[in-house]
Each structure stands twice: as structure tokens, then as C-alpha cells.
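The following exercises are to be worked with the sequence and the coordinates at hand. Each task is followed by a solution in steps.

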Amino acid sequence: MPRLGKKYQIEIQVTSKPNAEYETDEYFALDLPVAPAVMVAEEIVVEGTDISDYEIESCICRHLDLPEPEQKKGGMFSRLLRK
């Protein structure tokens, strides 16, 4: 995430709490997504599951009206599996 903040000159805010704190009435009252989650501006990109770096970067680009990045091809391991 910090890498994307530097690349696109945007503020990245990471919030990390013990899981139990995300399940309190006080947290639900804030109307924030269920952790783990990613928000870009006010848009909840994903909640309750993981997301790829490519999907996060694509959402940031859409928010900034920039072209989406090219999706990287698989690494060496995935190339070996295709043979």
C-alpha cells in the first residue's frame, strides 16, 4: 500500500486493530466495512476478504481518472506450471 501512495501521490491510511475490536457495536455504528477491507475514498472496494495488488491499483486509477495499469503476467512459477 505505501508503494501505491508514493506512485500516485495519494494518502494511504492503514488501520489495524485486534479482530475483536472490529466486532463491537461501536465499530458497527461507524458504518465502516467488515475487516479485512479496502476503501478508496468513500467506495468500499472489498470487505471481509483479501484483494490483489492489481485490483487495488486499478481502483485507485479509476478514482483518479487515470488509465488502469497493465496486469502483470504470472511469475516464473506459473510459467513452469503451464508447460
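**Exercise 1.** In which strand is Met39 found?

*Solution.* The model is predicted, so local features need pLDDT of at least 70 and side-chain atom pairs count only at pLDDT 80 or more, while totals for chains, interfaces and linings use all residues. Residues are numbered from 1 along each chain as its sequence is written, and side-chain values use heavy atoms, with hydrogens and water left out. Met39 belongs to strand β1, residues 37-40; helices (H or I, at least four residues) and strands (E, at least two) are DSSP runs numbered from the N terminus.

**Exercise 2.** Classify the exposure of Met39 and identify the surface patch that contains this residue.

*Solution.* Step 1: the relative accessible area of Met39 is 34%. Buried means under 20%, exposed over 50%, and partly exposed in between (1.4 Å probe, protein chains only), so Met39 is partly exposed.
Step 1: Patches consist of residues with over 30% relative accessible area and no salt bridge, nonpolar side chains (Val, Leu, Ile, Met, Phe, Trp, Tyr) being joined within 5 Å and like charges within 9 Å. A salt bridge is a side-chain nitrogen of Lys or Arg within 4 Å of a carboxyl oxygen of Asp or Glu. The areas come from the Shrake-Rupley method with a 1.4 Å probe, and for residues only the protein chains shown count as cover.

**Exercise 3.** Is Ser58 buried or exposed?

*Solution.* Ser58 lies in helix α3 and is buried, at 2% relative accessibility. Beyond neighbours within four places in sequence, Ser58 contacts Glu68 and Pro69 (heavy atoms within 4.5 Å).
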